[in-house]
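The sequence and the structure are shown first, and the description comes after them.

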Amino acid sequence: MTGGFLKRISKYWPTFLALAAFPAQAQTDLQRDVRDRWYNPDKPQPRGEGLLKYHMLTAHNRARAAADVPPLVWDQALANEAGAYARVLARSRTFKHSSKAQRSKPQGENLWMGSQGGFTYAEMAASWVNEKRYYRPRAVLPDISTTGDWRDVGHYTQVIWRSTTAVGCGLASNGDDDYLVCRYSPPGNVFGQNATAGKP
C-alpha cells in the first residue's frame, strides 16, 4: 500500500506516509497520532538489521495472534529484495509501489516513509496495524473498510492475511527520510477473499 502525503509542517516535525487515498477521518486520526511528537535530529531512534527483524516480526505476529492466524517467519530473500527497493525509493525520493517486474516472484508489499530517525521500528509497524480501527473482520475484499475504501486497511490486512507465511523488510534513508519496505509471500489482499479465512 502506498500513501497520500501528510503535509510536512517543518523539517523538525515527524511525518509519515502510509495510506493511499486518505479519507478525511483517517487523515485526522493519523495526524492526531503524531501531532505531539517532536522530532529531535540530535537523538535519532536506534537502527540495525537485527532490531528491524525483531520489531517487524514481533509487531506482525502479535497482530496475527490477535486475529487468530498463524505467525510469519522471516525470509532473508524477501528482506534483501525489500531493502534493495527501499534504497531505490530513498535515492529517487519517491514513494510508490514496485512493479511486478521488480519482484522475483509474486509478493505483497507494504510501504512506510517518515522523517529520518524520527520513529522507532515498532512505531512504523504500528502505523499499519492501527488501521484495524477501520477493518470489517467478516467482510471480503474490497468491502473490508468502514471508510468505504479498502486501501485504508490494506496494510493491516496484508499483515494478518492468513495464507501469507513469510515476511522480509528493509530500510533505507537519504538524509531526510526513512523508507521502510516489507515484502510478503504468498501475497495477501486478494479480491473476493476474507483476510483471516483466506476465502469467503
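The text below moves from the whole chain to particular residues.

## The chain as a whole

The coordinates described here are those of a predicted model. The protein chain contains five helices and five strands. Taken in sequence order, these elements give the pattern β-α-α-β-α-β-α-α-β-β. Of the 200 residues in the protein chain, 50% count as buried. The accessible surface of the protein chain amounts to about 9600 Å², and carbon and sulfur atoms account for 54% of that surface. Contacts across the sequence can also be summarised: among those in the protein chain between residues at least 6 apart, 71% join residues at least 24 apart.

## The disulfide

How many disulfides does the structure hold? The count comes to one disulfide. This bond joins Cys169 to Cys182, with an S to S distance of 2.0 Å. In general terms, a disulfide is a covalent bond between the sulfur atoms of two cysteines. The torsion about the S-S bond of Cys169 and Cys182 is about 105°, and the disulfide is therefore right-handed. Cys169 and Cys182 are both buried.

## Helix H4 and its surroundings

Helix H4 spans residues 121–129, and its buried residues are Tyr121, Met124, Ala125, Ser127 and Trp128. Viewed down the axis of H4, these buried residues fall within an arc of 145°, so they line one face of the helix. The charged end of Arg47 sits over the ring of Tyr121, at 5.1 Å from the ring centre.

## Aromatic pairs

The structure holds three aromatic pairs, including the two described here. Trp112 and Phe119 form an edge-to-face pair, with 5.3 Å from centre to centre and 80° between the planes. Trp112 is buried, at a relative accessible area of 1%, and Phe119 is likewise counted as buried, at 3% relative accessibility. Tyr135 and Tyr156 form another edge-to-face pair, for which the centres are 5.4 Å apart and the planes are at 65°. This pair links distant parts of the chain: Tyr135 is in the loop between H4 and helix H5 (154–160), whereas Tyr156 is in helix H5, 21 residues apart. Both tyrosines, Tyr135 and Tyr156, are buried.

## Asn61 in helix H2

Asn61 is located in helix H2 (residues 49–66). Is Asn61 buried or exposed? The relative accessibility of Asn61 is 19%. Because buried means under 20% relative accessible area, Asn61 counts as buried. When residues up to four places away in sequence are left out, Asn61 touches Pro71 and Leu72. Asn61 and Val159 are 98 residues apart in sequence, while their C-alpha atoms are 8.4 Å apart in space.

## Backbone features

Two cis peptide bonds and two residues with positive phi can be described in the backbone. The table gives their angles.

| Site | Feature | Angle |
|---|---|---|
| Leu141 to Pro142 | cis peptide bond | omega near 15° |
| Ser185 to Pro186 | cis peptide bond | omega about -15° |
| Asp68 | positive phi, not a glycine | phi about 60° |
| Asn189 | positive phi, not a glycine | phi about 55° |

Pro142 is in the loop between H4 and H5, and Pro186 is in the segment after S5. Asp68 lies in the loop between H2 and strand S2 (73–74), and at 62% relative accessibility Asp68 counts as exposed. Asn189 lies in the segment after S5. With a relative accessible area of 16%, Asn189 is buried.

Methods. Residues numbered from 1 in each chain as written. Predicted model: local features only at pLDDT ≥ 70, side-chain atom pairs only at ≥ 80, totals over all residues. Heavy atoms only, no water. Disulfide = S-S within 2.5 Å. Buried < 20%, exposed > 50% of the residue type's maximum accessible area, 1.4 Å probe, protein only. Helix = DSSP H or I, 4+ residues; strand = E, 2+ residues; numbered from the N terminus. Arc of directions from axis to C-beta. Phe/Tyr/Trp six-rings, centres within 6.5 Å; stacked < 30°, edge-to-face > 60°. Lys NZ or Arg CZ within 6 Å of the ring centre and 35° of its normal. Contact = heavy atoms within 4.5 Å. Areas by Shrake-Rupley, 256 points an atom, 1.4 Å probe, with all protein chains shown as cover.
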